Amino acid sequence: MVAAARERGDGAEHAPEALAARPPLPARIGAVVIGASAGAVDALGLLLPQLPASTPWPVIIVVHLPATQPSLLASLFSRRCPLRVLEPQDKQPLAPGIWFAPPDYHLLLERDRSFSLSIDAPVNHSRPSIDVLFESAADVYSAQLVGVVLTGANSDGASGAKAIRAAGGFVMVQDPATAEAAAMPAFAIEQAQPQWIASLPQIAQALREAALVSQP
Amino acid sequence: MSGRALETAAPELEVRLLLEAIFLRFHYDFRSYSMASLKRRIQAALPKLGCATISALQDKVLHHPQALNELLQFLTVQVSDMFRDPLFFRAFREQVVPEMQTYPSLKLWVAGCSSGEEVYSLAIALAENGLLERTILYATDINPDALAKAEAGVYPLERMAAFTENYRAGGGTRSLADYYTAAYGNAAFSRSLRSQVVFSDHSLATDHVFAEVQVISCRNVLIYFDRPLQDRAVGLFSDALCRRGFLGLGARETLQFSPHALAFREAAKERWYQRW
């Protein structure tokens, strides 16, 4: 499975025709959810600044960080991104922007389109957990959800990606061969059979294009 | 609507029916809990209670009421640390305690105390400021098992290293080990810390105010409620607090979206609000 992914990823990396073969993203995107672990800061540093300030949907991100570390992600990225970068408060309404899960809380989405936090036990040894975000987001946005699994050294995000697929959403996974840590995208590919496996620049470009053509 | 959309909705329908059944039969009201995390906890309970579906769980709870107690352990959240978010306790010592020292007697309410870690944390902070003897602490929760744990005050010894670190970062002036006795892999907290504590069953969803208090700590409880239930709980706090009384919330909880926001002002850093 990983070998197949590598073939597709390598083949697609610089070839415009392979990029054109990307399956179409949902015509109406409600939200984009992203999970990243080891290597996350570099990967997101490449991806997030590509999103235009006019991106009309929320981009919600779980990054695994030690619980005791104060969250620096939002301030780190707000300087580098045209799109506003925030950390949600409990029950805050969803809105366009880049939202980072606060450290030591699970981040979930509610059907009334608000954020919800929990301190339930860690899932996959992680709090926040990517699976928890993805599964709740799949319940809310079903076919209008785009899930992205990036670099990481554990298996978090795989069941979540599977739940997004089951709800009719679109899953893209970073080609493990191009990821700083291959395990997490490889698990996601194995469990969720994503619609698209691609390099980081390709994922960044696809999201940017989707943001530019989306109507608010 | 496609069949797929209906399938996705089915578990939530089952959750709502289960919660309604639990309310009608047992008067535990989870109907206004945050659905996303509650659904996860119910799904985690299914294999533990030997049920394939949430509907089967409903059947089991209605016909075998003893199963309710087991389910309650999943519906309520029992993850708690001592001195979680140490800066909250530092702010308590530096900004709440000085005002409390002006009162001849004090009442403090830990709402949703779960297994009691927060109660002992606050009792220690009060003791180190000479306030414990003149304070009554109300520790309330809806889960009788959690209340029993809270009253016992016994926690795994392996958690003490992390709690000690939090205690120091939160402004602790002694050694945390002064407050517990280690035996058989557990740490049993000193009886003197709970001599002033009243442990009691109380639901923020269905019960009312029971006393006027000077301080309420309710951290990472409101995140489990939907907006209307949050509003109800904050309304209770607003009614229970004396003027200038303090309300401490979790690090990611805010009164910003609450209809009771005007009754409070941000009094100190780290989510301490003051009744106004």
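## Getting started

Two strands count as paired if DSSP finds at least two bridges between them. Helices (H or I, at least four residues) and strands (E, at least two) are themselves DSSP runs, numbered from the N terminus. This is a predicted model, where local features need pLDDT of at least 70 and side-chain atom pairs count only at pLDDT 80 or more, while totals for chains, interfaces and linings use all residues. Residues are numbered from 1 along each chain as its sequence is written, and chains are lettered from A and ligands numbered from 1 in the order in which they are written.

## A three-stranded sheet in chain B

With that in hand, look at chain B, where 3 strands make an open antiparallel sheet in the order β3-β5-β4. The edges are held by β3 (154-156) and β4 (180-183) of chain B; each has a single partner strand, so one side of each has no neighbour in the sheet. From one strand to the next, the twist averages 25°. Angles here run from 0 to 180 degrees between N-to-C directions, and axes are lines fitted to C-alpha atoms, for helices over the stretch in contact.

Zoom in on one pairing: β3(B) and β5 (residues 186-189) of chain B run antiparallel and are joined by 3 bridges. Here B:Pro156 has B:Asn186 of β5(B) as its bridge partner.

## Two domains in chain B

Chain B is assigned domain 1 (3-75) and domain 2 (86-275), with bounds that come from an automatic or database domain assignment. Their C-alpha centres lie 30 Å apart. The contact between them takes 9 residues from domain 1 of chain B and 12 residues from domain 2 of chain B; two residues are in contact if their C-beta atoms, placed from the backbone, lie within 7 Å.

On the domain 1 side of chain B, the touching residues split into 3 nonpolar, 5 polar and 1 charged. For these classes, Ala, Val, Leu, Ile, Met, Phe, Trp, Tyr, Cys and Pro count as nonpolar, Asp, Glu, Lys and Arg as charged, and the others, Gly among them, as polar.

## Where the chains meet

Chain B puts 22 residues in contact with 22 residues of chain A. On the chain B side, α1 (3-26), α2 (35-48) and α10 (227-240) each supply at least two residues, and the largest share, 5 residues, comes from α2(B). Sorted by class, that side of chain B has 9 nonpolar, 7 polar and 6 charged residues.

## A closer look at α2 of chain B

Just after α2(B), B:Gly50 takes a positive phi of about 65°.

Buried residues of α2(B) include B:Met35, B:Ala36 and B:Leu38. A residue is buried if 20 or more other C-beta atoms lie within 10 Å of its own, exposed if 12 or fewer, and partly exposed in between, with C-beta atoms placed from the backbone. B:Leu38 is buried because 24 other C-beta atoms lie within 10 Å. Leaving out residues up to four places away in sequence, B:Leu38 touches B:Val15, B:Phe30 and B:Tyr33.

## Over to chain A

Chain A has 8 helices and 9 strands, and 56% of its 216 residues are buried. An open sheet of 7 strands in chain A has the order β3-β4-β2-β1-β7-β8-β9, with parallel pairing. At its edges stand β3 (85-86) and β9 (196-198) of chain A, each with a single partner strand, so one side of each is left without a neighbour in the sheet.

β3(A) pairs with β4 (residues 97-100) of chain A over 2 bridges, in the parallel sense; within β4(A), A:Trp99 is the bridge partner of A:Leu86. Helix α5 (residues 130-141) of chain A lies across β1 (31-36), β2 (58-63) and β7 (145-149) of chain A, and runs at about 165° to β1(A).

Most residues other than glycine have a negative phi, and most peptide bonds are trans. Even so, a cis peptide bond joins A:Arg127 and A:Pro128, with omega about 10°. A:Pro128 sits in the loop between β6 (114-118) and α5 of chain A.

A:Gln193 is not a glycine, yet has a positive phi of about 40°. B:Ser114 also has a positive phi, near 50°, and counts as buried, with 23 C-beta neighbours inside 10 Å.
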